[in-house]
Amino acid sequence: MELGAHVSAAGGVDKAVGRAVDIGAEAIQLFASSPRGWKFRPIPDDKGEAYREKAEEAEIRSTFLHGSYLVNIGGKPDLVEKSINSLINHMNAAAQIGAKGVIFHSGSHKGVGFDAVFEQATGALVQVLDNTDDSVQLIIENCAGMGAQIGASFAELGSLIREVDSPRLAICLDTEHAFAAGYNIADPKGIDKAMSEFDAEIGLDKLVVVHANDAKVEFASGIDRHENIGEGYIGIEGFATIMGHSAFSDVPFLLEVPGTDKKGPDKPNLDRLKAIRRRLAESA
């Protein structure tokens, strides 16, 4: 598996490659525009081309964009429309730089229930896919469950996947979110049960990327709080359990941790994942 991280694209997307190389990342996630606003700033053509060239030179095979935090396909009509436009912009940017896809949070139904927003949510996903390049995947991230979020359960994610019925709609599994949502993926028996459910509800072929984050909060808390690898409730052995499971053997892992200096994903965290990968390979 490729082990990478979310890295800053400050100064231009091409700058992210050097930052990734500095910490030993083998795969990259980045923001194409500010994740906390609706305004999208297109990537200049020269920056997009520079990213492709630098990524190829650095042997970065997998790049993913992360969508805006404001996206909510379960919100009111005006919010859904903004979300669709935002996702289309990010998908176009992903195609421009050769990224595999756009990872996004599906949002919240605000207490009205998943079934009540199901039709508008799937309709939004279809619109995004119908208006973007066939080479790019739209990737829903599972959530921890707080705040009436959509997609904390594999059953809800599977319902969206089946209804949209597109080979380009896929899933990003966040380890902290899954753990917080009640899937005990840190335990050998628990991960077998969780991934069997994932396969039954969604299909393992839909798992295309992992957000590798330890949990600052206890199991089944429903709370989204990331911790550095080995410093939370999942722990080093929990990540060995996850990385050793066959469902993840060819799936890129991307760090979204606070970092040892609180500046985001860093080399010490990547080195911990690499040490686990090495240990698993030696024991195989």
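Biologist: Which residues lie nearest the centre of the second largest pocket?

Modeller: This is a predicted model, where local features need pLDDT of at least 70 and side-chain atom pairs pLDDT 80 or more, while totals for chains, interfaces and linings use all residues. Residues are numbered from 1 along each chain as its sequence is written, and side-chain values use heavy atoms, without hydrogens and water. A pocket is an open set of points on a 1 Å grid over the protein atoms alone where a 1.4 Å probe fits, with protein on both sides within 12 Å along at least five of seven lines, and lining residues have an atom within 4 Å of a point. Of the 14 residues lining the second largest pocket, those nearest its centre are Ala9, Gly12, Ala32, Ser33 and Arg41.

Biologist: What volume does the largest pocket have?

Modeller: The largest pocket has 24 lining residues, with His66, Tyr69, His105, Asp224 and His226 nearest its centre. Its volume, the space filled by probe spheres set on points joined across faces, edges and corners, is about 570 Å³.

Biologist: At what angle do H4 and H5 pack?

Modeller: Helices are DSSP runs (H or I, at least four residues), numbered from the N terminus; here H4 covers residues 114-130 and H5 residues 154-164. Residues in contact (heavy atoms within 4.5 Å) include Phe118 and Leu125 of H4 and Leu160 of H5. The axes, lines fitted to C-alpha atoms over the stretch in contact, with angles from 0 to 180 degrees between N-to-C directions, lie 10 Å apart. The packing angle is about 50°.

How values were computed. Helix = DSSP H or I, 4+ residues; strand = E, 2+ residues; numbered from the N terminus.
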